[in-house]
Amino acid sequence: MWTDPSRRQFLWQLGGGLGGVALTSMLSRDGLLAAEPVNPLAAKPPHFAPKAKAVIQIFCPGGLSHVDTWDYKPELERQHGQPFDAELGKQTFAGVAGNYAKSFWPFRQHGECGRWISDLFPGLARHVDEIAFIHSMQSKSALHGPAMFMMNSGFIRPGFPAMGSWVTYGLGSANENLPAFVVLPDPRGLPPGGVVNWGAGFLPAVHQGTVLETATGKAPFADLFPAQPVPANAERDGRDFLQKLNAAHAAARADSLLDARIASYELAARLQLSAPEAVDISAESDAMRALYTLEDADAGPFGRQCLLARRLVERGVRFVQIFCGAENTGSKKIRPNWDSHEDIVRDHGYWGRVLDTGASALLTDLRERGLLDSTLVICTSEFGRQPFMQGGQKGRDHNPGAFTAWLAGGGVKGGVGYGASDELGFKAELHPTYCYDLHATALHLLGLDHEKLSYYQNGIQRRLTDVHGEVIRELLA
Amino acid sequence: MRLIIATFLTLALSGVAAELPPPAARAVDFLKDIEPIFARNCLKCHGADKQKGGYRLDRKATALTGGDNSAPNIVPGKSAESPLIHFVAGLDPDMKMPSKGDPLTAEQIGLLRAWIDQGAPWPENVTGNDPLDWWSLKPSARTAPANAATDGVNPIDTFIQVQLAGKGLAPSPEADARTLCRRLYFDLIGLPPTPEEVDAFVKDSSRAAYKALVDKLLASPHYGERWARHWLDIAHYADTHGFERDQRRDNAWRFRDWVIRALNADKPYNEFLREQIAGDALRPADPEAVIATGFLAAGPWDFVGQSETPSPVLKRLARADDLDDMVTQVMSAACGMTVNCARCHDHKLDPIPQREYFALCAVFAGVKRGERDVDAAEVRRRLDEKTRLQREMGALQVQLARMENHGLDLADIVGGGDGNGSGIKGAGVHVETGKRQDGALPRLTPKANVFVPVDGDFIDGVVLPNGEDAAGVPISTTGLKVRGIPKTGGEAWDAVRNGPINPQGTTKIGDVDFAAAGHSLLGLHANAAITFDLAPMRTALKSGTLRFRATVGYGGRPDPGETNADVRLFIDGEPAFVAERVGPKTGRLLVNLVLPESARFLTLMSTDGADGQIGFDQIFYGDPRISAAAPAPLTAAEKADIEPLKKRIEELGQQIKSLPEPAKVYAITTEQPPVVRVQHRGNPEDPRAEAAPGALSCVRGLGAQFGGNELTDAQRRIALAEWITAPANPLTRRVIVNRLWHHHFGAGLVDTPSDFGTGGGRPSHPELLDWLAEEFGARGWSLKAMHRLIVTSATYRQRSEAREAKAESIDGGNRLLWRMNPRRLDAESLRDAVLSVSGKLNGEMFGPGYRDFDYTEEYAPVYKYITPDRPELWRRSIYRFVVRTTPQQFMTALDCPNSANLTPARNITTTTLQSLALLNNDFMQKQAGYFAQRVEAESGGDVKAQGARAFALAFGRKPDAAELDSASALVKSHGLPQLCRMLLNTNEFVYVD
């Protein structure tokens, strides 16, 4: 129970006492360390001056329907009820195409830019002048797993580093007392494809996403504290003993790897102090609790993830990924993510409110704290949904041919759109693009050249953008 | 497209020349005048890195022929007609080149025009690079070490020392005996030595004792467990498929065991490779050779993309990725060639054309990953044995059934059985063909009123009835007909089944579920009838008069609307039972008919209730049995027989049940390979020229083409196996000896162990590498011989301390090996060492992996890790059941790689989360507790003795006085487990000197 007051006291004692925390400096003063150890997450200079220092990516797994949300299609309203040419739909997942169906939520114009947003997102609609939309997104797979991997790592096969891993590999961490890449899965469970979505692939393990445990009564990160409680003084004396042994061992060998390992125990002690503080939202004001609707049974958990994301970014975490939805675990009353095959009103209705509440609160909060300019917020899904019904059902099938992603803050021009799907939202038509351009643009805003950020693996200098990617200049402020 | 361009040219030609800058009026030199223009203005998009529009301008072959749309872009002798000139001159508004940056000057265009007009001369080997002039592609030459004459000197040391001397460096002195002992144990078997083993070696660490220790460790079964891990990394082995639906591969472990056994047996490496690539083709009857091909299947497999999706486009893509994975794995593991870089285009760095990548795909085109029988002959033997037992049991069951008057189960008979339970549940009789039907059937429209005879003793035949025909409905082979039944829609659905119809709404009538154990169910969907032959039943039941009993019910869904069905029974064509408009509200219909001695046929008929609709017309018979109407009283002898008969039947049932399931392995299944085509830009939807099976032409002296598309799958893979293991292949032996070196020293002589191409590292000691490769061949491709050679070298036995300032400054990375590299234990060795030190290591070898997770069956199964705190979870890490998409986080924190990737070299990272895992993970804490228990048991209650024993177990040494004082103080204040926990976290425990 990390929230237990005695545990806190224990930590402060640990921090205040020797406990390994002060050991490195002591050792170095005594000439027992060969060199200042290298922290693999030490901040690294970007390739050029960045606009954004951190990223919060909201991922809506299952396939968020662009035609019911961000991508206004008047022609679809006219075609409503007309049959779809089945031959065009041969790559859809379930195979049977029904009739065209207009958005289940009416669209309206919003903001000074006058962009069209459906009534599913009243909160986000108020932020439309801060948001840049890419309406011509495509995926190379119509299957959840591969498409998730593609959106996260640029490849439909597993085993490639996630965008967050690349970013921390390129920039390191701005706070060595917290992990650089933090993932907040939906409290209902992991998204399709599981933990591979934030894996480091072939990059060193330090770059993988660290899952933030948000269940009450659990430490924020796995193994942050002993599984079986250890009294504070025992822990302090134990760590002192450990580091003394390590120091003597290292002194005889003069190897910086050994010093780095000594330092990692020091950093571990610091993480034990800073992580619980970072995720402790008890000090947040009532206004904040209301803004993120923490008490709402449905939208509250996601609101909490958004609030935590803001707290982490505030403390120097480089990349936070929030999942708004979990894996498909059989059709329950409401689908556990956006994968609305049978009933779009039921499932998008539910998840739309969840996303709208948390994400709009996040944008408001970031702006009010002056963090929005330095924080890039990305909202995406692995693919969109079809403009027609799935067979005779009330849902829509997967559509890898067109979907919408949006960016806000962090040097993004607000109130603009880039690219377009065709008049029905079936396929990307104007500036068709894949995740590569989104990734290249995000890296660019962070001061990284996506063609230079590479890592050798089995014969290839691998990149997040593979051999593709163009920065979408139209979205830059 | 060429046609369009030509038209454009003809029309525009007269005007074009006038608009172009004039050609330079001098002889141009390609190297001086032209190449710099290309380099500065064109190659960024049309060079080695990118080929926009499929056009590449840095090589003669492609520059003069290539491009997606306008090829050829350069027409020698005709600059005014060359699209390239039009583009750079801005004549084509849609294709102005360069697309970014300043346009070319008139002078530059003039030079290009002059060059083209002069015939576009392009000297060969412009860059001076012959791509085949690369060290790894040349035959390896056995160079004698410089002063090999010195007796007793390991030639490895000579090679190493020559290069050290060249830099003015000297090797480090030999490490102490304890260090050497620990180093050898971890390196060769992946486990720490016991304190007693260390002591014994410290007492006698002579050369002979060292050699004896090496031999002992190489002979240890743990050697295979250690080194199999390295090979499985290269094979990206795991026990699940990976991807979205990460299902289990419960029989993948046989391949893992095969690798362990093969290494322990020191199977020659060429044979080791041959069996993994083509074992099933070389020796189909040898189960071990079949299991070896698990190598080809070890990587991930996309169930949704390959099987579940109805989209042929997605299927082709998934299959292309699948083949890519196989080809990449084989060629990088065996030859260190990154052929996958040639999937979308010719290899950018190495001389591997795209078509050769697809030639390799053609080698594996007949191979699919999948479960298969390990031993086909054994499977047949088992099946024969099972059949024999079932027959014997069947005969006895008939006997018993007669004695106890169970009668015969008509459902079982429909399932192909003898009426006593030998039939197959779910099987049935096809209404149209009369044949056995296993899988579900859709709507059927056979010709109505045609009686179809059925093979077998008890069934006469089946028919689709329609009362429309005045001639009546035939219901027997003897020509009996029934009349007076209603007109039907003339359709049937599914088969007559031993079990529910597909899909059946309910199998219950009242409270009784007739699909449950102890009951039987005959499903008879309208419109169909089945006639049973009573004559053989009388013989079986030894009774003249028979009785038919059953409970008839409606099996459709509860709200079928207006639909309903009719139930009719006939004895010799005469109506014996009729129930019309049967539906969900009908309830239970009990049938109890006496079948007189004269009767020959009993017919069960379901019709559609005269509404012409068969939807949901699911009629079923619960416990349909025909028995003797008046069973003869049993004789005393018969009565006495009943119990032994039952016992024997039970015995036989047990025997059948305990027949072992035939061994399966997750390996490969094969078929005649389909034609493979080069996929333009790697796109499976854009197939071009056929690619016949073959290998790489850059390896000279070996035929790269295996033959045409008529080659069988077996021939293809055998050809590749032979190509890879041919003595003339310069890559294979170099790659494996370098891998051995990598694992012994922490870095290979080539530091990219799976990339021997131009993008990889160059050998630090090329002559040593070649010498090792040749020595390896000379020693019969024996891996153990090479281990022995390497670990007995003075180079290997050096100290690892980095105390030499000069050496540090000249060769800080220790490429020249002036010291041994200290090594952080990899994830598996670290976990195994913890278990070994705590005394809890479970030494059980082989078999299905241990599962340190709770498994939940779902669309995407859920693997939830638990604290491995039971003996069966304390086996060596090589036996861990590896889940691809849900990695074990504790192992991942220790740099255990993701099995989605081929891993020739592990990352070694030092991270905060790793230190936290070693400190706080439940497994570590529990093991620290067991470690403490062990120390206490082995050293008694004295705190100093405990400290000494704990150090001995963890480090193989005694603590010095200061260490012992600190340790004792810690134990006194906070207990022995806290000391043990900290020892497991020390650098000394985690690093091997």
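Student: What does B:C361 touch, not counting residues up to four places away in sequence?
Tutor: B:C361 touches B:L323, B:V327, B:V676 and B:A691. Keep in mind that this is a predicted model, where local features need pLDDT of at least 70 and side-chain atom pairs count only at pLDDT 80 or more, while totals for chains, interfaces and linings use all residues. As for names, residues are numbered from 1 along each chain as its sequence is written, with chains lettered from A and ligands numbered from 1 in the order in which they are written.

Student: What makes two residues count as "in contact"?
Tutor: Their C-beta atoms, placed from the backbone, have to lie within 7 Å. By that rule, the contact of α17(B) with α18(B) is made by B:L323, B:M326, B:V327 and B:M331 of α17(B) and B:L360, B:C361 and B:F364 of α18(B). The residues there divide into 7 nonpolar, no polar and no charged. For those labels, Ala, Val, Leu, Ile, Met, Phe, Trp, Tyr, Cys and Pro are nonpolar, Asp, Glu, Lys and Arg are charged, and the others, Gly among them, are polar.

Student: Why are α17(B) and α18(B) called roughly perpendicular?
Tutor: Helix α17 (residues 312–335) of chain B and helix α18 (residues 354–364) of chain B pack at an angle of about 100°, with axes 9 Å apart. Roughly perpendicular covers 65 to 115 degrees (under 35 is roughly parallel, over 145 roughly antiparallel, the rest oblique). So the two helices are roughly perpendicular to each other. The axes are lines fitted to C-alpha atoms, for helices over the stretch in contact, and angles run from 0 to 180 degrees between N-to-C directions.

Student: What makes B:T338 a buried residue?
Tutor: Buried takes 20 or more other C-beta atoms within 10 Å of the residue's own, placed from the backbone (12 or fewer is exposed, in between is partly exposed). B:T338 has 26 within 10 Å, so it is buried. Its place is in the loop between α17 and α18 of chain B. Leaving aside neighbours within four places in sequence, B:T338 is in contact with residues of both chains, including A:N458, A:I460 and B:D755.

Student: How many residues of chain B are in contact with chain A?
Tutor: 66 residues of chain B are in contact with 62 residues of chain A. α30(B) gives the most to that side of chain B, with 8 residues. The side of chain B that touches chain A divides into 22 nonpolar, 33 polar and 11 charged.

Student: What makes a set of residues a nonpolar core?
Tutor: Its members are buried Ala, Val, Leu, Ile, Met, Phe, Trp, Tyr and Cys residues joined through C-beta atoms within 7 Å. The largest one has 308 residues, and A:A309, A:V320, A:C324, B:C361 and B:C980 touch the most other members. Helix α8 (residues 256–279) of chain A brings the largest share, 13 residues. Apart from this core lies another, of 58 residues, among them B:I413 and B:I530.

Student: How do you know that strand β20 of chain B is largely enclosed?
Tutor: 7 of the 7 residues of β20(B), 601–607, are buried, so the rest of the structure largely encloses it. B:F601, B:T603, B:M605 and B:T607 point one way from β20(B), and B:L602, B:L604 and B:S606 point the other way. In a regular strand the side chains alternate between the two faces of the sheet.

Student: What makes two strands a pair?
Tutor: DSSP has to find at least two bridges between them. Strand β15 (residues 528–533) of chain B is joined to β20(B) by 6 bridges, running antiparallel, so the pair qualifies. B:F532 stands opposite B:L602 in β20(B). Strand β17 (residues 565–571) of chain B also has 6 antiparallel bridges to β20(B), where B:F570 stands opposite B:T603. The strands themselves are DSSP runs (E, at least two residues; helices are H or I, at least four), numbered from the N terminus.

Student: Why are β6 and β18 of chain B called edge strands?
Tutor: The open sheet has 6 strands in the order β6-β7-β15-β20-β17-β18 (chain B), with antiparallel pairing. β6 (452–453) and β18 (574–582) each pair on one side only.
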